[in-house]
Amino acid sequence: MCGIVAYIGPKDATPFLLEGLQRLEYRGYDSAGVAVTGKGAGLKVRKTKGRVADLAAAVPARFKGSTGIGHTRWATHGEPSDANAHPHLDNAGRFAVVHNGIIENADQLRVRLTAEGAVFSSETDTEVLVHLIAAHSGEGVELEEAVRAALKLVVGTYGIAVVDAEQPDRIVVARNGSPIVLGLGEKEMFAASDVAALVRYTRQVVHLEDGELAVVRADGFRTFTEDARPTTRQPSTVDWEIDSYDTAGHAHFLIKEIHEQPSAVERTLSGRLDERFATAHLGGLNMDARELRDIRRVKIIGCGSAYYAGQMGAQLIEELARIPADSEPASEFRYRNPVIEADTLYVAVSQSGETYDTLAAVQEVKRKGGRVLGVVNTVGSAIARACDGGIYLHAGPEISVASTKAFTSTVVAFALLALHFGRINDLSPADGRRIVEGLKALPGQIREIVEKDKEIAELAAEYADCEGMMFIGRVRGYPVAREGAQKLKEISYVHAEAYPASELKHGPLALISPELPTVALVPDDELLDKNLTTLGEIRARAGRVLAIAHTAPDPKLATHTLLVPRNEPELDPLLLNIPLQLFAYHAAVALQRDVDKPRNLAKSVTVE
């Protein structure tokens with residue numbers, strides 16, 4: 001959840017650290033800090049509760065050093081405060097540490113260190129690390145050796161960066177369950193928890209593996225394991241542009257990313273449609289047709305919106321490939337001692353590729369001999385590296401905490417996978433061509449929906465002051481309802497619940513009133529009559545209805561209707577979701593919420 005940046009080189013580190021932290025603000029945080037040092041300069045530290053702008057205002061003009069680390073914190077141990085903000089220092093003020101993750105045995109280590117004379121100044125688990133490093137330092141001890149010895153005592157997850165005022169020619173970083181990326185410059189080096197902090201300065205990056213450390217100097221780096229075995233890491237090239245991290249004239253990143261969805265979908269589809277054989281090219285699966293025909297079940301795992309995208313993906317796979325498929329929260333999957341079957345294909349979904357619960361689920365499947373594919377947006381991410389193959393979304397960077405374009409691109413990726421599976425199995429060429437044409441039509445249809453922005457904004461303002469909302473849909477529409485409710489609650493803070501429309505009579509109908517409107521997904525499919533009957537039940541109880549539909553229902557059945565273009569029935573859910581994104585956005589704006597950084601949430605969840 002938190003953000004880490006680091007710099008070492010001939011320049012002053014402070015401007016990079018502050019800018020890098022600003023680039024990572026989208027990850028969510030409640031405090032920020034920086035520490036710099038240099039030859040004979042000692043250690044200078046500034047940290048504060050609040051935004052990076054508050055930190056920048058607190059940094060004095062003569063706050064300079066050629067080696068530095070910075071951090072944005074999201075509280076896990078101790079309330080947001082200046083004292084609990086990172087970096088944390090040892091009692092002598094020699095070492096500074098920034099840390100993402102959770103030290104599970106922090107309480108035991110704190111007792112031990114206190115008995116040895118360490119004095120703690122914060123409530124955080126992170127401070128344990130810096131005192132451990134100080135305890136293992138001594139005359140002639142290299143910083144990397146002190147860090148390595150300290151980490152051997154730690155149980156938990158971490159991404160860390162450490163500086164030493166007495167060895168300012170290096171930064172030591174380490175990773176276990178929380179991402180660390182090195183950036184290679186010209187006689188300077190960078191490190192961060194996310195490439196967003198690096199792309200303005202370098203496109204050459206190295207991703208550390210779990211259990212790996214690196215000594216970073218201005219002229220290069222060296223990687224090794226916790227038991228001091230050298231490792232070899234080759235740099236890869238980041239293909240995202242710096243412009244992707246700017247709002248480009250939009251009021252928020254979220255609305256920018258909603259408007260970017262047509263081009264994001266085009267990138268996800270690019271080079272993957274085979275019109276000759278009415279199928280999809282997915283070479284990254286690393287599975288041939290014979291292996292795919294042996295698959296008898298597909299299990300999709302993800303968290304939050306990735307889980308709901310997985311539900312839509314499971315529906316596509318069952319319909320087009322006629323293979324049983326389902327989606328499950330990764331955070332639940334790994335704790336229930338799942339039965340891993342040889343003929344089941346597991347698919348891990350994560351925009352960042354670093355979601356801790358999903359990564360842990362992948363590792364559990366792999367440990368038990370299962371095959372895992374990844375559907376991720378970030379090349380070189382931990383989940384991408386851990387999987388046997390997969391599909392990169394190529395949606396481009398997503399900055400706002402609430403996922404929109406990555407969600408849509410994920411569903412498109414599942415449509416490609418379902419088409420590929422289906423044509424290997426029993427999907428006819430005619431149906432294959434139908435789906436190919438439907439996929440090709442998606443970008444234009446999404447543009448058509450996004451052009452309704454003003455109309456949707458007016459509707460959202462009318463509903464924004466309601467006490468809560470119900471979202472309903474049947475079969476294909478139910479995952480759309482769940483994602484729509486998720487979007488509304490996470491950015492507007494309006495309570496929202498999603499139910500299968502068929503379940504309304506089995507309890508939730510008791511909630512219906514003029515004060516609790518219902519958003520209903522009403523596509524022109526084989527269940528249209530059933531859905532219209534449900535709308536009648538709601539209206540008979542004086543409930544307001546906002547219908548998302550292909551054709552407007554009788555005005556007696558819907559208070560308001562938003563029309564969307566029709567695609568193939570299997571692909572319609574993807575289009576039905578777009579107006580729900582815009583509805584949630586404009587409701588949040590009407591309520592004056594912090595749209596891109598909703599309270600209590602972070603973009604990349606790298607802790608449990």
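The legends below describe close-up views of one predicted model.

Residues are numbered from 1 along each chain as its sequence is written. In this predicted model, local features need pLDDT of at least 70, side-chain atom pairs count only at pLDDT 80 or more, and totals for chains, interfaces and linings use all residues, while side-chain values use heavy atoms, with hydrogens and water left out.

View 1. The side chains of Arg 23 and Glu 19 form a salt bridge, with N and O 3.8 Å apart. A salt bridge is defined here as a side-chain nitrogen of Lys or Arg within 4 Å of a carboxyl oxygen of Asp or Glu. Both residues belong to helix H1 (residues 13-23) and are four residues apart, about one turn of the helix. Helices (H or I, at least four residues) and strands (E, at least two) are DSSP runs, numbered from the N terminus. An α-helix has 3.6 residues a turn, so residues three or four places apart point the same way. Arg 23 and Glu 19 are both buried; buried means under 20% relative accessible area, exposed means over 50%, and partly exposed lies in between (1.4 Å probe, protein chains only). The whole structure holds 42 salt bridges.

View 2. Lys 299 is joined to Glu 328 by a salt bridge whose closest N and O atoms are 3.1 Å apart. This pair links distant parts of the chain, with Lys 299 in strand E18 (residues 297-302) and Glu 328 in strand E19 (residues 325-329), 29 residues apart. Lys 299 counts as buried, at 12% relative accessibility, and Glu 328 is buried with a relative accessible area of 11%.

**View 3. A network of charged side chains.** Salt bridges link Glu 142, Glu 144, Asp 169, Arg 170, Arg 217 and Arg 222 in a network. Within this group, Arg 170 and Asp 169 meet through their side chains at 3.0 Å, N to O. Arg 170 is buried, with a relative accessible area of 7%, whereas Asp 169 is partly exposed at 37% relative accessibility.

View 4. Five of the six residues of strand E12 (residues 212-217) are buried. Strand E8 (residues 171-176) runs antiparallel to E12, and five bridges join them; two strands pair if DSSP finds at least two bridges between them. Val 172 stands opposite Val 215 in E12. E12 also pairs with strand E13 (residues 220-225) in the antiparallel sense, over six bridges, and Arg 222 in E13 is the bridge partner of Val 215. A hairpin of two residues joins E12 to E13.

**View 5. The covered helix H5.** Helix H5 (residues 143-151) has seven of its nine residues buried. Among the buried residues of H5 are Leu 143, Glu 144, Val 147 and Arg 148. Their cover includes strand E6 (95-100), helix H4 (126-135), strand E7 (158-164), E8, E12 and E13, where contact means heavy atoms within 4.5 Å.

View 6. Rings of Phe, Tyr and Trp (its six-membered ring) pair if their centres lie within 6.5 Å; planes under 30 degrees apart count as stacked, over 60 as edge-to-face and the rest as tilted. This rule gives eight aromatic pairs. Tyr 307 and Tyr 308 have ring centres 5.2 Å apart and planes at 40°, so the pair is tilted. Both Tyr 307 and Tyr 308 are buried. Elsewhere, ring pairs link Tyr 7, Phe 16, Phe 190 and Tyr 201 into a cluster. The charged end of Arg 110 sits over the ring of Phe 120, 4.3 Å from its centre; this term requires NZ of Lys or CZ of Arg within 6 Å of the ring centre and within 35 degrees of the ring normal. The charged end of Arg 599 likewise sits over the ring of Tyr 493, 4.0 Å from its centre.

View 7. Five strands, in the order E24-E23-E25-E26-E27, form an open sheet with parallel pairing. Strand E24 (496-500) and strand E27 (560-563) stand at the edges, each with a single partner strand, so one side of each has no neighbour in the sheet. From one strand to the next, the twist averages 20°. Strand E23 (residues 469-473) is joined to E24 by five bridges, and Ile 472 stands opposite Tyr 499 in E24. Helix H15 (residues 453-463) lies across E23, strand E26 (545-549) and E27, at about 150° to E27. Axes are lines fitted to C-alpha atoms, for helices over the stretch in contact, and angles run from 0 to 180 degrees between N-to-C directions. Helix H17 (residues 528-539) lies across E23, strand E25 (518-522) and E26, at about 165° to E25.
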